[in-house]
Amino acid sequence: MPTIRFVQSDGAEQAVHAELGQSVMQAAVNNQVPGILGDCGGSCSCATCHGYVDEAWNDRVPPPEGYETDMLSCAMDVRPNSRLTCQLNVTPDLDGLVIRLPASQT
Amino acid sequence: MSMDTNGKAVIVGAGHAAGVMAVSLREAGWQGSIVMIGEEAHLPYQRPPLSKAFLAGEAEVEQLYLKPAATYERAGVEFIGATRVERIDRAARLVHLADGRALAWDKLVLATGGRVRRLAGANAEAAARMPNFHYLRTIDDVMRIRAQFHHGVRLVIVGGGYVGLEVAAIARHRGLQVTVLEAAERVLARVTAPEVSCFYERIHRAEGVDVRTGTQVEQFELDPSGDAVAAVVCQDGARIPADLVIVGVGLVPNTELAQAAGLEVDNGIVVDACTRTSDPDIVAIGDCSNHPNDIYGRRLRLESVPNAMEQARTAAAALCGVLKPYNAVPWFWSDQYDLKLKMTGLSQGYDQLVLRGDTGGRSFSAFYLKQGRMLAADTVSRPQEFMLSKRFIAEAIELDPARLADESVPLKDLLPTAP
């Protein structure tokens with residue numbers, strides 16, 4: 001079971017055990033990680049699961065598809081390493097992935 | 001409302017609103033017990049995938065749950081499933097369950113949702129008992145449908161709303177023969193402009209769906225052995241052979257418990273902007289609630305996931321003594337084929353429709369204006385225009401229809417510039 005680390009904007013960290021095949025968003029929400037909402041249940045419809053992929057991991061996650069990129073442009077404080085975490089699926093090679101969270105999703 | 005967070009909170013219902021409420025209430029600081037009672041056996045789950053990925057067999061039951069059982073255990077939430085609440089006793093502060101138990105409460109949350117509207121007339125009730133006739137609202141409904149959802153099966157869908165059209169799209173993808181019967185003159189008549197209805201009729205017909213609007217069911221023909229629907233007979237005389245019938249003609253809010261308990265009910269359980277009912281210790285949230293909305297200056301009952309979630313969060317705060325009035329622009333989504341329809345706002349009363357993009361293609365936005373301001377928007381595969389529309393509506397921004405329609409003008413240029 002891969003581990004994903006979520007780092008809040010104030011530095012607080014939480015490491016969660018994620019299930020293979022679930023989205024990073026769902027791993028966060030299931031473990032009550034504050035700062036990720038995922039209001040639309042992962043259907044890429046709300047941009048409230050926004051996270052920043054840590055620099056060290058940026059080249060190791062698959063790139064976003066066009067629709068995610070479009071929705072992402074509407075999130076708060078978007079940066080080059082921004083992703084909608086409902087579109088990132090947990091695979092064995094993402095064990096140890098670090099996601100930083102924005103100060104707010106709304 | 002007294003602010004003792006050490007009491008017993010009981011949530012009637014275990015749907016989306018209830019699931020968010022249970023955990024949010026604990027996170028908001030509730031220290032007493034939290035019990036969530038659901039009529040279905042399942043933990044709270046998302047319904048949108050029932051007519052999409054779950055019907056298509058691309059998602060399994062566990063993936064629908066809002067949270068796994070462990071999350072509720074950690075939050076100290078007790079879940080009682082497969083149990084109906086039969087009666088609310090406000091004087092004694094009890095709920096009476098179908099299994100004979102009575103549970104005490106200090107604060108009560110009504111998250112009873114709704115049930116499918118059943119077809120009236122003819123032999124609809126007899127047909128509904130047939131194994132190949134289904135309404136679609138629950139995981140169990142779709143499990144039964146999935147067992148019959150095969151290539152070549154002749155499917156008749158009664159109802160050209162979101163559920164009917166989503167099922168049609170999945171069915172075509174799986175190689176079923178599909179007929180959609182819609183009683184109104186066009187599909188999605190309740191919620192969109194004729195131009196948008198027309199677009200969806202064109203798309204579905206191009207995918208091979210036989211869309212028949214202005215068509216009502218006269219009766220269901222049963223097969224000679226009397227144990228299955230064999231055909232659907234329409235009022236215009238058409239007889240459509242059917243192996244499978246799925247009906248999606250709307251939702252009726254479950255307000256009976258509230259009504260019997262003497263709470264105010266009017267197109268839903270009546271609440272204020274903080275989800276409080278006419279009883280100071282009872283809140284109501286989600287599909288069953290009728291709540292005020294300042295943006296539209298009227299009361300609404302919304303059947304949407306964002307509404308369920310936001311009301312749950314407001315109610316959790318309210319029970320812990322914090323007032324967070326809920327007043328948001330409604331929004332909704334529907335996925336059919338590769339098209340991502342996202343809607344925001346409510347279009348009733350619009351005086352001008354502005355189209356941006358071409359309804360002859362596969363991506364456009366339809367903006368509903370009233371006196372130059374946006375009431376609502378239907379966006380097809382245009383997520384940025386959907387997100388911007390929420391702002392146009394919420395902030396009552398005055399719009400120039402010509403610029404709104406002009407795709408060479410970036411939509412965000414129509415936002416007011418900072419002073």
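Mentor: Chain B is divided into domain 1 (8-115 + 251-319), domain 2 (124-247) and domain 3 (338-414), the bounds coming from an automatic or database domain assignment. The centres of domain 1 and domain 3 of chain B, taken over C-alpha atoms, are separated by 33 Å. This is a predicted model, in which local features need pLDDT of at least 70 and side-chain atom pairs count only at pLDDT 80 or more, while totals for chains, interfaces and linings use all residues. Residues are numbered from 1 along each chain as its sequence is written, and chains are lettered from A and ligands numbered from 1 in the order in which they are written.

The part to look at closely is a sheet of chain B, an open one of five strands in the order S22-S23-S26-S25-S24, with antiparallel pairing. Strands here are DSSP runs of E with at least two residues, helices are runs of H or I with at least four, both numbered from the N terminus, and two strands pair if DSSP finds at least two bridges between them. Because strand S22 (331-336) and strand S24 (352-358) of chain B stand at the edges, each with a single partner strand, one side of each is left without a neighbour in the sheet. Neighbouring strands of this sheet are turned against each other by 15 degrees on average, direction ignored, where axes are lines fitted to C-alpha atoms, for helices over the stretch in contact, and angles run from 0 to 180 degrees between N-to-C directions.

Within the sheet, strand S23 (residues 339-345) of chain B pairs with strand S26 (residues 373-380) of chain B in the antiparallel sense over five bridges, and Leu341(B) has Val380(B) in S26(B) as its bridge partner. Helix H10 (residues 383-394) of chain B packs on the sheet, where it touches S22, S23, S24, strand S25 (363-370) and S26 of chain B, a contact being two residues whose C-beta atoms, placed from the backbone, lie within 7 Å. The direction of H10(B) makes about 165 degrees with that of S26(B).

Parallel pairing is found elsewhere in chain B: five bridges join strand S1 (residues 8-12) to strand S2 (residues 33-37), with Val35(B) in S2(B) as the bridge partner of Val10(B). S2(B) is also joined to strand S3 (residues 77-80) of chain B, parallel to it, by four bridges, and there Ile34(B) stands opposite Val77(B).
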